[in-house]
Structures are given as structure tokens and as C-alpha cells.
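Here are my notes after going through the model you sent.

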Amino acid sequence: MSPGIIALVSAVAVGVLLSVLKSRFDGRFRGTRAIRPSEKEAVQDSSVATERVTAAELGAELGERATMLQFSSAFCAPCRATRRTLAEVESMVDGVRHIEVDAELHLELVRRLDIMRTPTVLVLDASGAIVTRASGQPRKADVIAALGQAVDASTSKQL
């Protein structure tokens with residue numbers, strides 16, 4: 001075989017591998033994990049620092065039970081699809097609010113929250129604490145599951 005064919009086959013194989021990895025992880029919520037019983041006291045302790053987003057930073061009120069915070073940019077096609085998905089979930093679940101933020105206009109918040117691409121969706125509990133995040137276009141079922149975690153987190157903090 002010639003070196004050109006070997007290089008071509010290798011490039012195609014690497015491209016397929018990267019495509020599979022991207023499709024596997026794109027739009028998946030991360031940053032959540034099961035809390036071990038020994039960690040529950042630390043989570044319930046209000047002195048433990050948790051990243052929070054306030055209504056003043058967003059210029060909009062947070063949801064009563066949870067908030068889906070979407071970072072978008074003007075020419076982002078997946079951002080439009082994500083907006084439709086989150087609006088549909090918002091209409092299905094009481095007490096949940098969808099807020100879309102233009103990443104270019106809120107650069108300080110983007111830097112503080114380590115937003116690397118659009119769309120990025122943060123799911124916040126009722127107090128504005130970040131429960132989970134997804135980079136890329138999330139599926140509706142994943143959004144609903146993430147909201148369940150946020151509502152559970154809000155309920156356990158109130159008890």
C-alpha cells in the first residue's frame with residue numbers, strides 16, 4: 001500500500017472516531033453525581049460555597065422551583081433549537097422558568113461561570129444554585145431529568 005492511502009484511511013478513521021465522541025457527549029448534562037451519606041451534612045451546610053446566579057445578574061426573575069439558564073449567541077443554529085426545547089419544557093412544568101442570555105452581552109458572567117461555547121444550559125434550583133450544565137443542544141428527556149434533580153435539591157434545602 002502506498003503512504004497516501006494509509007494517510008487517507010487514518011484520517012477517515014480519526015474523523016469517524018471524533019464524530020462518534022462528539023455525538024456521544026454533546027448536549028449531555030454533567031456535573032451531577034449521587035451524594036454519599038457522609039457528604040449530605042456538607043451539602044445541607046449553608047456555609048459551603050456553591051456557585052449561584054442571582055436575578056439581578058440576569059435582569060429577570062428566577063423560577064419558583066427551578067430555572068433553565070441558556071447562554072446563546074446571535075448566529076447559533078443549535079441555540080434556536082435549544083430555545084424551542086426549553087420553552088416547551090417550561091410550558092410543561094409549573095414553577096420552572098427559561099431565561100436566555102446573550103453570551104456576548106454578559107461576558108463577565110460567561111467568564112465567571114466558565115461558559116466555553118453556545119448553547120450552554122445551566123439548570124438552577126430555586127435559590128439560583130447551579131445543579132447541572134450541558135454544552136450543546138440537549139434532548140428534552142435530559143432537560144426534564146435535570147429539572148427533577150433541581151427541584152429535588154430545592155425541596156431538600158427547604159426541609
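1. First, the burial classes: buried is under 20% relative accessible area, exposed is over 50%, and partly exposed is in between (1.4 Å probe, protein chains only). On that scale, 33% of the chain's 159 residues count as buried. Bear in mind that this is a predicted model, where local features need pLDDT of at least 70 and side-chain atom pairs count only at pLDDT 80 or more, while totals for chains, interfaces and linings use all residues. Residues are numbered from 1 along each chain as its sequence is written, and side-chain values use heavy atoms, with hydrogens and water left out.

2. Now the overall layout. Helices (H or I, at least four residues) and strands (E, at least two) are DSSP runs, numbered from the N terminus. The chain has six helices and five strands, in the order α-β-α-α-β-α-β-α-β-β-α. Taking a contact as heavy atoms within 4.5 Å, 73% of the contacts between residues at least 6 apart in sequence join residues at least 24 apart.

3. Have a look at strand β2 (residues 66–72). Seven of its seven residues are buried, so the strand is largely enclosed by the rest of the structure. Ala 66, Met 68, Gln 70 and Ser 72 point one way, Thr 67, Leu 69 and Phe 71 the other, and all are buried. Two strands pair if DSSP finds at least two bridges between them; β2 and β3 run parallel and are joined by seven bridges. Within that pairing, Leu 69 has Ile 99 of β3 as its bridge partner.

4. Further along is a hairpin. Strands β4 (residues 120–125) and β5 (residues 130–135) pair in the antiparallel sense over five bridges, with Leu 124 partnered by Ile 130 of β5. Four residues sit between the strands, and Gly 128 in this hairpin takes a positive phi near 95°.

5. As background, most residues other than glycine have a negative phi, and most peptide bonds are trans. The peptide bond from Thr 118 to Pro 119 is cis, with omega near -5°. Asp 114, which is also placed in the loop between α5 and β4, has a positive phi of about 60° although it is not a glycine. Asp 114 is partly exposed, at 44% relative accessible area.

6. How many disulfides does the structure hold? There is one, counting a pair of cysteine sulfur atoms within 2.5 Å. The bond is between Cys 76 and Cys 79, with the sulfur atoms 2.3 Å apart. The torsion about the S-S bond is about 80°, so this disulfide is right-handed. Both Cys 76 and Cys 79 are buried.

7. On to the salt bridges, meaning a side-chain nitrogen of Lys or Arg within 4 Å of a carboxyl oxygen of Asp or Glu. The count comes to four. In one of them, Arg 83 meets Glu 100, with the closest N and O atoms 2.6 Å apart. Arg 83 lies in helix α4 (residues 77–92) and Glu 100 in strand β3 (residues 96–102), so the pair ties together parts 17 residues apart in sequence. Both partners are partly exposed: Arg 83 at 35% and Glu 100 at 32%.

8. Another salt bridge joins the side chains of Glu 88 and Lys 140 (2.3 Å, N to O). This pair links distant parts of the chain, with Glu 88 in helix α4 and Lys 140 in helix α6 (residues 140–158), 52 residues apart. Glu 88 is partly exposed at 38%, as is Lys 140 at 33%.

9. Asp 142 and Arg 139 form a salt bridge too, their closest N and O atoms being 3.0 Å apart. Here Asp 142 is buried, at 17% relative accessible area, whereas Arg 139 is partly exposed at 49%.

10. By the Shrake-Rupley method with a 1.4 Å probe, where for residues only the protein chains shown count as cover, the accessible surface of the chain comes to about 9900 Å², with 58% belonging to carbon and sulfur atoms. Met 1 lies in the segment before α1 (3–25) and is exposed, at 83% relative accessible area.
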